[in-house]
Amino acid sequence: MNAIHEELRPVVPLKVEVEHVSKTFHSKRAVVHALDDVSLMVGEGEFVCLVGPSGCGKSTLLNIIAGLDTADSGCVLADGKPVTGPGRDRMVMFQESALFPWLDVMDNVLFGLKLKPNLNNRERVEVANFYLQLVGLEKFHRANIHELSGGMKQRVALARALAPNPRVLLMDEPFGALDALTREQLYGDIQSIWEKRRKTIVFVTHNVREAVCLGERVLLFSPRPGRIEEEFRVDLPHPRDINSVSLAEHAAKIMGALKRHLQPAGSEVAE
Amino acid sequence: MKRVVTAAVVFASLVALWETLVRAGIWSPVMVPSPLSVVEYIIGAISDGTLWQAALVTLRRLMAGYALGVVVGLPLGLLTARFKFCEDTLGVIALGLQTLPSICWVPLAMLWFGQTEAAMLFVVIMGTVWSVLIATDNGVRNVPPIYKRAAQTMGSKWLHMWVRVILPASLPFVVSGMKQGWAFAWRSLMAAEVYVTILTGFGLGHLLHYGRELHAMDQVIAVMLVIILIGLLADKIVFSPWEKFLHHRWGTAK
């Protein structure tokens, strides 16, 4: 039983430092400066949102933090140690759920746990159940992925990302494909999970309201080359309601700044 | 249930019509033997064991050759999908040889292995391996990159990644390739058995061939029926469960 308690205890969140990271993609037709000398610091247990229009390199940055991509220059430090590849301390939640269709819900959540040593199978199932409960899907543990709605899929993806008990959660527009009502529910869930599990969260979105609703800090990205233009602190108490007036005021301020930075090409911004 | 009854009635009337046409002398029994004589042959051949033996010989060749073909084709498909060098060499060979009906290998197989089981095995393997290889290659290439990335973040790499992510993700392709390989192998084996005599065992193809030599069309039709039956059973027993599983899990066509 001790292993289980150990496993389920909230871990110390991770400090993420991004130092002078640049990244260029070369395709046949063009050279894209995805990131240009980007530096930022995300404190332990902090919830930071990266906001910018599509194609501004914010997802690239997230992938570099995850260790799935490498930077051309600069480096990412996790608690002071350079990131060299993917690691269980940094889990990613993708825009599409990226759940494995050949496994059912339970086996999807177990996938990462099975790769974690020092647990026996009974404990793994127990841990998986704990996280399925956390996202409210314990009744669906034997369901197939295609039987789930979009929102449920993302909940399973969240459970799967949380299951190995990472110290930072990297979220790449995870709610982009969901309807507004489902999204609002998930905003609530994410905030309560963040509160309960104390993780560092880096959340990428093009939705300014979403960023203000979730993040303690909102970083504004501009595209080509991808750069952090401005930083906003959101001092509203959690849990926040996306429809509240004060939130809308914050969002309007950021939206204005975003439009300023995007001129003259400001057509791609949502909301 | 109602559909089963309807279908049974339709088939029964077709057979009855066939019997009537032969009896009335409209169809010559030399050209088309009556269904009753076919049934008579089947009963005789089952009770004296010829049919069982022939079916056993054929099935043994088929299963051994097919299993080997899959065991060889699958890893080769992984190789061509993974390494450019294999893609440019083995991949091209596979693409070419897949278009070659494997019955065309019979002359060489006879030369190399003689009139033995090995020759038959070779023809069946050649029918199976390329389809499985190409389907596996195709399946691996069609695995959405996001699956690999997601697995990577959870700590999956190398062998684990291939066995637990890439292979299962390409399963729909692999299964359809295995089915195609089976069809090729089955047809080639039948053709080969009709075409050449193998001294180490007489299969269904030989039985059909002798039917032709003796002008025993009841025998020919009976063997054809057995061949159809085996094909249907293979589909129902071997492939249907897989396809059901895929439909169930992936949520593809009902």
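The secondary structure of chain B comprises 11 helices and zero strands, where helices (H or I, at least four residues) and strands (E, at least two) are DSSP runs numbered from the N terminus. The model is a predicted one, in which local features need pLDDT of at least 70, side-chain atom pairs count only at pLDDT 80 or more, and totals for chains, interfaces and linings use all residues. Residues are numbered from 1 along each chain as its sequence is written, while chains are lettered from A and ligands numbered from 1 in the order in which they are written.

Along the sequence, chain B follows the pattern α-α-α-α-α-α-α-α-α-α-α. Its C-alpha atoms fill a box of roughly 75 × 55 × 30 Å along the principal axes. Of the 254 residues of chain B, 35% count as buried; a residue is buried if 20 or more other C-beta atoms lie within 10 Å of its own, exposed if 12 or fewer, and partly exposed in between, with C-beta atoms placed from the backbone. Two residues are in contact if their C-beta atoms, placed from the backbone, lie within 7 Å. Among the contacts in chain B with a separation of 6 or more, 72% are accounted for by residues 24 or more positions apart.

Chain B is divided into domain 1 (1–31) and domain 2 (33–250), with bounds that come from an automatic or database domain assignment. The C-alpha centres of domain 1 and domain 2 of chain B lie 33 Å apart. Six residues from domain 1 of chain B and four residues from domain 2 of chain B take part in the contact between them. On the side of domain 1 of chain B that touches domain 2 of chain B, four residues are nonpolar, none is polar and two are charged. In this classification, Ala, Val, Leu, Ile, Met, Phe, Trp, Tyr, Cys and Pro count as nonpolar, Asp, Glu, Lys and Arg as charged, and the others, Gly among them, as polar.

The contact between the two chains takes 16 residues from chain B and 19 residues from chain A. On the side of chain B, two or more residues each are given by helix H7 (145–153), helix H8 (158–169) and helix H11 (217–250) of chain B. H7(B) gives the most, with six residues. By class, this side of chain B has eight nonpolar, six polar and two charged residues.

Chain A contains eight helices and 10 strands. Its C-alpha trace spans about 55 × 40 × 35 Å along the principal axes. The radius of gyration of chain A, taken over C-alpha atoms, is 18 Å, which agrees with the value near 18 Å for a compact globule of 271 residues; the globule rule is 2.2 Å times the number of residues to the power 0.38. Of the 271 residues of chain A, 46% count as buried. Among contacts in chain A between residues at least 6 apart in sequence, 72% join residues at least 24 apart.

One sheet of chain A is open, has four strands in the order E2-E1-E4-E5, and shows antiparallel pairing; two strands pair if DSSP finds at least two bridges between them. Strand E2 (31–42) and strand E5 (81–82) of chain A are the edge strands, each pairing on one side only. Strand E1 (residues 16–26) of chain A pairs with E2(A) in the antiparallel sense over eight bridges, and Val21(A) stands opposite Val38(A) in E2(A). Helix H2 (residues 58–66) of chain A packs on this sheet and touches E1, E2 and strand E4 (73–78) of chain A, its direction making about 120° with that of E1(A). Axes are lines fitted to C-alpha atoms, for helices over the stretch in contact, and angles run from 0 to 180 degrees between N-to-C directions.

Another open sheet of chain A has six strands in the order E6-E7-E8-E3-E9-E10, with mixed pairing. Its edge strands are strand E6 (90–93) and strand E10 (227–233) of chain A, and the twist averages 20° from one strand to the next. Strand E9 (residues 217–222) of chain A runs antiparallel to E10(A), to which six bridges join it; Leu220(A) has Glu230(A) in E10(A) as its bridge partner. Helix H8 (residues 245–262) of chain A packs on this sheet, touching strand E3 (47–51), E9 and E10 of chain A, and its direction makes about 20° with that of E9(A).

Pro166(A) lies in the loop between helix H5 (150–162) and strand E7 (168–172) of chain A. Pro166(A) counts as buried because it has 24 C-beta neighbours inside 10 Å.
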